[in-house]
Amino acid sequence: LRAEREANERTQQYNRMMDVCVKASDVVGAERIFSIMAKERVQHNSQSHSLVVSACAEVSDAHRAECWLQRMIASDVEPGARARASVLGAHAGVGNEQAVQ
């Protein structure tokens, strides 16, 4: 139980760092932290994936957001409302009305 708590805390620490990247519109930073998590065998959760998608949306990079959403699905992580809303927001940010509908 202690090991599980510690693992969850490590994931949350990395997620907080990615959240800072999202707020700074730093997609590369968020992606780098996501990669470091994998290298250090820190488990990604739904929030981890959603944060990278959100970082992409912050800079209106709809294609990149879509790629991360697909990566999330391929990792058997169910995209939540935040991830889906971020992708839609990224498409809206570039004027892609068809994708938003």
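1. Basis. In this predicted model, local features need pLDDT of at least 70, side-chain atom pairs count only at pLDDT 80 or more, and totals for chains, interfaces and linings use all residues. Residues are numbered from 1 along each chain as its sequence is written, and side-chain values use heavy atoms, with hydrogens and water left out.

2. Length of α1. Helices are DSSP runs (H or I, at least four residues), numbered from the N terminus. Helix α1 takes in residues 2-23, which is 22 residues. The expected span is 1.5 Å times one less than the number of residues. That gives 32 Å, and the end C-alpha atoms of α1 are 32 Å apart, which agrees.

3. Faces of α1. Thr 11, Tyr 14, Asn 15, Met 18, Cys 21 and Val 22 are buried (under 20% relative accessible area, 1.4 Å probe, protein chains only). Seen down the axis, the buried residues of α1 fall within an arc of 105°, so they line one face. The arc is that of the directions from the helix axis to the C-beta atoms. The face turned away carries Arg 2, Arg 5, Val 20 and Lys 23, which are exposed (over 50%).

4. Cover. The buried residues of α1 are covered by elements including α2 (27-39) and α3 (46-58). Met 18 touches Ala 30, Ile 33, Phe 34, Met 37, Ser 48, Leu 51 and Val 52, leaving aside residues up to four places away in sequence. Contact means heavy atoms within 4.5 Å.

5. Core. The largest nonpolar core has 25 residues (buried Ala, Val, Leu, Ile, Met, Phe, Trp, Tyr and Cys joined through side-chain atoms within 4.5 Å). Met 18, Val 52, Ala 65 and Trp 68 touch the most other members. The largest share, 6 residues, comes from α3.

Definitions and conventions:
Helices (H or I, at least four residues) and strands (E, at least two) are DSSP runs, numbered from the N terminus.
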